[in-house]
Amino acid sequence: MKKSFPKRVFLNGEWKNAEEAKISVFDRGFVFGDGLYEVIPFYNGKFFLKEDHLNRLSYGLKEINIEFEIDGINDVLLKAIREADLDGSDGAAYIQVTRGVAPRIHSYPSESKPTVLIYAFPVVLEGFEEKSVDVLVSEDYRWHRCDIKSTSLVANVAMNNEAVKNGFHENVLHRNGVITEGSHSSVFFVRNKVVYTHPNGKFILPGITRKATIDLCRANNIQIIETPLSIDQLSTVDEVFLTGTTTQILAVRSVVMNGVARFKQNQIGEITRILQQELIGKTRRYI
Ligand code: PDD
């Protein structure tokens with residue numbers, strides 16, 4: 001599905017036609033990337049794990065001292081689906097909160113009102129279980145607060161552009177040889193039927209789909225260990241998969257570093273398949 005601009009957006013308390021929605025050139029989101037975002041999926045018009053996403057947004061707001069009451073967002077999110085004409089469809093809501101407009105100084109201004117943008121857009125959340133993708137190992141040169149879902153994504157954007165330009169779907173990032181996550185997804189490994197993923201902390205985003213996947217492992221008696229794996233261990237794993245709101249649970253076919261495949265698997269692995277079916281069961285259960 002080709003991404004297009006949404007027609008209607010919620011900006012600072014009002015629904016508007018997108019071309020009429022304007023922000024100041026002095027908005028700190030524009031000037032410094034001083035803001036946060038969330039992407040919340042909905043299946044058949046119903047949000048999935050919305051509270052978890054809003055809790056992560058609250059956490060980020062607290063960490064960077066943006067004062068914004070998120071309770072009011074719930075009604076706007078429901079309206080977003082209707083405004084995008086996506087009742088009964090699959091898609092995601094995008095939320096962005098910046099520190100707002102202020103003269104350009106680095107430190108937080110004493111007075112500024114957060115800028116809030118919300119809209120819904122269609123996403124294909126089906127068929128992921130039939131695909132398998134190639135990923136590129138890249139150095140993780142992001143900042144040390146990857147737990148904050150900041151709109152300052154230039155490192156993620158540059159790294160993923162390198163991957164896509166070279167025919168890869170996503171990156172597997174490493175810090176000093178230790179695999180952290182993807183440019184816009186979480187990364188999991190399976191070895192001898194045990195699932196591994198990097199622990200939460202400042203080097204990864206605490207992915208909501210990551211958490212849902214860990215819960216699915218536990219519910220299905222699949223052992224899950226939150227510990228980092230190194231690039232050198234890639235040759236020892238049986239399965240690799242990515243998770244994310246728009247990624248879902250996506251099998252990885254190859255992990256390539258400097259032109260050499262460190263991991264290759266043409267079949268979708270057994271544990272990946274189980275978790276994919278479980279996620280489909282959870283997200284489609286109300287249909
Ligand atoms: N990306 N890690 C990073 C760096 C991400 O940007 C994302 C999500 C994830 C997965 O998190 P979740 O399961 O909560 O979607 C992990 C979003 C979707 C994006 O940037 O569009």
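The dialogue below reads pockets, cavities and a surface patch in this predicted model.

Q: How do I find empty space in a structure?
A: Rolling a probe the size of a water molecule over the atoms shows where space is left empty. Here, a search of the whole structure finds three cavities of 30 Å³ or more.

Q: What volume does the largest cavity have, and which residues line it?
A: The largest cavity holds about 50 Å³ of space. Its lining includes Pro41, Tyr43, Phe48, His53, Ile208 and Gln248. Strand E3 (35–43) and helix H5 (208–219) each give at least two residues to that lining.

Q: How many residues of each class line the largest cavity?
A: Six are nonpolar and four are polar.

Q: What about the second largest pocket: what is its volume, and what lines it?
A: The second largest pocket has a volume of about 230 Å³. Among its lining residues are Ser4, Phe5, Lys7, Arg8, Glu83, Asp85 and Phe121. Strand E6 (residues 115–122) supplies the largest share, three residues. By class, seven lining residues are nonpolar, one is polar and four are charged.

Q: Which residues form the nonpolar patch on the surface?
A: Ile23, Val25, Phe26, Phe30, Val31 and Val101 form it. Together they have about 580 Å² of accessible area.

Q: Where does Val101 lie, and why does Val101 count as partly exposed?
A: Val101 sits in the loop between strand E5 (91–98) and E6.

Definitions and conventions: Residues numbered from 1 in each chain as written. Predicted model: local features only at pLDDT ≥ 70, side-chain atom pairs only at ≥ 80, totals over all residues. Heavy atoms only, no water. 1 Å grid on protein atoms, 1.4 Å probe; cavity = no way out; pocket = protein on both sides within 12 Å on 5 of 7 lines; lining within 4 Å. Points joined across faces, edges and corners; volume = space filled by probe spheres on them. Helix = DSSP H or I, 4+ residues; strand = E, 2+ residues; numbered from the N terminus. Nonpolar A, V, L, I, M, F, W, Y, C, P; charged D, E, K, R; others polar. Patch = residues over 30% accessible without salt bridge, like charges linked within 9 Å, V, L, I, M, F, W, Y side chains within 5 Å. Areas by Shrake-Rupley, 256 points an atom, 1.4 Å probe, with all protein chains shown as cover. Salt bridge = Lys/Arg side-chain N within 4 Å of Asp/Glu carboxyl O.
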